[in-house]
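Hello,

I am passing a structure on to you, with some notes on what turned up in it. Please have a look at it first, and then read on below.

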Amino acid sequence: MIFRVPSYYEKFRCTAAACKDNCCIGWEIDIDAQTQAYYDSVGGAFGARLRENITDGAFRLGEQERCPFLNQNNLCDIYTELGEAHLCQICTDHPRYFAWFDGVKEGGVGLCCEAAAQLILNQTAPFSVIETEIPRESCEEYSDLLFDCLIGAREQMFAYLQNDQLPLGQQLCDVLAFARTLQKQADHQVYSVPSICAAPCSEPAAFSALLSFFTTLEPLDPAWQMQLCEQITQRERVSKNMEDFLRENPDVPRYLRNIALYFLWRHFLGGVFEEEFYSRVFLACACVSVIGYQLICHWLETGALTCEDCAEIAKNLSKEVEYSEENVNALADFAYEFFGA
């Protein structure tokens, strides 16, 4: 079986105590059955502490929603006491993600982590993957014809989005139109890959509706949603200052292209199981568009925009959208209800 990951995957390093947005704070941390069984077997005072702080298959979060094993130095007591091998699966993997197909496993690092976000944004080389052989693992059934079609479609979208001679906004419109055509064909069992062509871009009113929709999502952090509500009022100012923003922040299009590739790599191919993938491309285009808008707003508000600022803004949106099944589903519904397919 092939394990396929972006070339930057192995460069990821958790910053541990140096992280400004610790993943052991504010997240529900589920414990897999194998790890739970081990924790039940641990003796002594630490074993008792483990069992006292686990309820319904998850750690019982403490004050400020901290994991009960995150110590005052923002390090993990389980790691210290029992070793890395005895962390639960989610703690071992995060922010890594994986998807299983027939003979292929794909993975990456999630944008919701500040270290991963900076790694993703800072890529300067064309997107490439690393493949290794691993033991075979099972997956759900799907259409091989559709899978091959989606592989070809993803390659075409990646090549198109990495052409930095085209305006990114136009590229996102073109890729979204391409995905609509691809979806319509697949709905009729036609599995050929069309060409990506120039397409009309959304009207300003449509983008305003998209921004407003994001404020209706189930919030992980209400402050993020409140900030977006305030930023929406800056639409006219953003439009007037777009050229100045791009001139003073020439790296932003590259950051946003890298984010677009991340979303497509992570989400697009998984559409083979439900045979619905247009909404996954819409998710990528919508998230990149909103992140881009928030970057301009930040620059207007502060007069500066660093790569760290960009990674922080992208990370915060990822947390609000990607890590809520309810919000992902709402975005998929919105893709069809508002824009059609």
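The model holds 24 aromatic pairs, where rings of Phe, Tyr and Trp (its six-membered ring) pair if their centres lie within 6.5 Å, and planes under 30 degrees apart count as stacked, over 60 as edge-to-face and the rest as tilted. One of them joins phenylalanine 3 and tyrosine 9 edge-to-face, at 6.1 Å centre to centre and with 85 degrees between the planes. Both phenylalanine 3 and tyrosine 9 are buried (under 20% relative accessible area; exposed is over 50% and partly exposed in between, with a 1.4 Å probe and protein chains only). Elsewhere, ring pairs link Tyr38, Tyr39, Phe46, Phe59 and Phe69 into a cluster.

A word on where this comes from: the model is predicted, so local features need pLDDT of at least 70 and side-chain atom pairs count only at pLDDT 80 or more, while totals for chains, interfaces and linings use all residues. Residues are numbered from 1 along each chain as its sequence is written, and side-chain values use heavy atoms, with hydrogens and water left out.

Phenylalanine 3 also has a charge over its ring: lysine 105 lies over the face, at 5.3 Å from the ring centre. Lysine 105 lies over the face of phenylalanine 98 too, at 4.5 Å from the ring centre. The rule here asks for NZ of Lys or CZ of Arg within 6 Å of the ring centre and within 35 degrees of the ring normal.

Now to the backbone. Most residues other than glycine have a negative phi, and most peptide bonds are trans. Here, the bond from histidine 94 to proline 95 is cis, with omega near 5 degrees. Proline 95 is in the loop between helix H4 (89-93) and strand S4 (96-101); helices (H or I, at least four residues) and strands (E, at least two) are DSSP runs, numbered from the N terminus.

Two residues other than glycine to look up have a positive phi:
- Aspartate 56, with phi near 50 degrees, sits in the loop between strand S2 (54-55) and strand S3 (58-59). Aspartate 56 counts as exposed because its relative accessibility is 79%.
- Glutamate 275, with phi near 55 degrees, sits in the loop between helix H12 (252-267) and helix H13 (278-302). Its relative accessibility is 34%, so glutamate 275 counts as partly exposed.

Enjoy exploring, and do write back with any questions.

Best wishes
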